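Please consult the sequence and the structure shown below.

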Number of protein chains: 2
Amino acid sequence: MTAPPRRSGRPRSAVLTRELIMRTALRLLDERGEHGAGIREIARELGVRPSALYNHVTGQDDIVGGVRELVSDRIDVSMFDELPWYEALRLWAVSYRNAFAAHPPTIALLAVRPLEPGLRTNHMYDRVCAGLITAGWPLERVLTVVVELESFVLGSALDEAAPDDMLDPGVGEGLPHFRAAYAARARDLQTRGLSASELAFRSGLEAMLTGLRAEWEAYSSVRSGIEG
Amino acid sequence: MTAPPRRSGRPRSAVLTRELIMRTALRLLDERGEHGAGIREIARELGVRPSALYNHVTGQDDIVGGVRELVSDRIDVSMFDELPWYEALRLWAVSYRNAFAAHPPTIALLAVRPLEPGLRTNHMYDRVCAGLITAGWPLERVLTVVVELESFVLGSALDEAAPDDMLDPGVGEGLPHFRAAYAARARDLQTRGLSASELAFRSGLEAMLTGLRAEWEAYSSVRSGIEG
């Protein structure tokens, strides 16, 4: 197949679509950080005028929403159909962390922006809420459980983006407890074949789920008491 | 007191010190974000040439280290001298979150940069490690407990910087579980007089500490078994 002739004076570019704009925004965010993915930068990258983007997006907030969808599309929620709530929550947390760890500059950006209306991301939240409600969590507690787990997940995704020797006390005198703990952890990580951030994510997730299960079991025994 | 006459051709500026450079860097970070606090921007803000800064700092990494010290100086560790480890860890987490929530742009910046050598921050880690070691935590587990709690704390500090209606499903059809959970949480927050992020931080912290205590008690009973 022969390439169509280029129209003179215009750079060759793929057909401009909303999807292409969002994918380009995410790539520029990853490459350049938050300030590298404005309307102007996206337009330049796609070889079009900024005004051409406005046929497909309403502005920067819309682009942030589209980026949120691209990242959160990778978060699996299917397990809520099959597994007990705490096992589903565990797998959701793992999937959530992986989705954001793949795009570190989106973590702080999306964490402080309100959820844009009409996103596919809203359906993810609806599915997780449904799972917790069905499992018997008190309705007013459901969204807070989601947010506290999200805080841990996003903090862990940031930690995943850090160098593995993040907390190295370095060589020298002093700091005896810090140095001893660092050396002991290093040996343990070697034995397990895990990175520091992977181990902290796994054990922190278990700690949080253990705490949440203890709370949930207390609700269940209250319910059994009432019903029994 | 009369102000000294300005030397012609030079902006009036405070005496340049390392401390002043670090405080200016932190202020510019807060005002402009990560890319607004480079050597050049700090120099311009202080009315000096960039080269003048190098009499006091070795470069951008040194400045990041100084900013880390300024933020982490606000984190209290004195409670590890007096309280059981989990109560000390709870207060440390609260103090840590408040320190970073006061400077949101530092959260993602400092989370992904390795700990600079020779900082006062290292002494904070030494004190926390000492508290956990003394309490009987296995040495190889100590730093991972610190990191998993830090991940939750930093994620919570990001959430604190978000608008309070962050997870608002908005008006409209669909999303029945998400909407019901949102409305029930809103009523609960109103009753408690708490923000969504404050409640999620408190309850997530309790969940994590409950999980950590369960783990620690298992170590203790193994020890009693060996010793008894």
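The same surface serves both copies, as 100% of the contact residues of chain A recur in chain B.

The model is predicted: local features require pLDDT of at least 70, side-chain atom pairs count only at pLDDT 80 or more, and totals for chains, interfaces and linings use all residues. Residues are numbered from 1 along each chain as its sequence is written, while chains are lettered from A and ligands numbered from 1 in the order in which they are written.

**Interface between the chains**

- Chain A contributes 62 residues to the contact and chain B contributes 62 residues; two residues are in contact if their C-beta atoms, placed from the backbone, lie within 7 Å.
- On the side of chain A that touches chain B, two or more residues each come from helix 6 (105-111), helix 7 (121-134), helix 8 (139-161), helix 9 (176-192) and helix 10 (196-227) of chain A. Helices (H or I, at least four residues) and strands (E, at least two) are DSSP runs, numbered from the N terminus.
- Helix 8 of chain A supplies the largest share of that side, 16 residues.
- The side of chain A that touches chain B has 39 nonpolar, 12 polar and 11 charged residues. Ala, Val, Leu, Ile, Met, Phe, Trp, Tyr, Cys and Pro count as nonpolar, Asp, Glu, Lys and Arg as charged, and the others, Gly among them, as polar.

- The axes of helix 9 of chain A and helix 7 (residues 121-134) of chain B come within 7 Å and cross at roughly 70 degrees (axes are lines fitted to C-alpha atoms, for helices over the stretch in contact, and angles run from 0 to 180 degrees between N-to-C directions).
- Helix 9 of chain A is therefore roughly perpendicular to helix 7 of chain B (angles under 35 degrees count as roughly parallel, over 145 as roughly antiparallel, 65 to 115 as roughly perpendicular and the rest as oblique).
- A:H177, A:F178 and A:A181 of helix 9 of chain A meet B:N122, B:Y125, B:D126, B:C129, B:A130 and B:I133 of helix 7 of chain B.
- This contact of helix 9 of chain A with helix 7 of chain B has six nonpolar, two polar and one charged residues.

**Helix packing within chain B**

- Helix 1 (residues 18-32) and helix 4 (residues 60-72) of chain B have axes that come within 9 Å and cross at roughly 80 degrees, and are therefore roughly perpendicular to each other.
- Residues of helix 1 of chain B, including B:I21, B:A25 and B:L29, meet B:I63, B:G66, B:V67 and B:L70 in helix 4 of chain B.
- By class, the contact of helix 1 with helix 4 of chain B has eight nonpolar, one polar and two charged residues.
- Helix 5 (residues 85-101) and helix 8 (residues 139-161) of chain B pack at about 40 degrees with their axes 9 Å apart, and are therefore oblique to each other.

**Domains of chain A**

- The domain assignment, from an automatic or database source, gives domain 1 (18-57) and domain 2 (73-161 + 194-227) of chain A.
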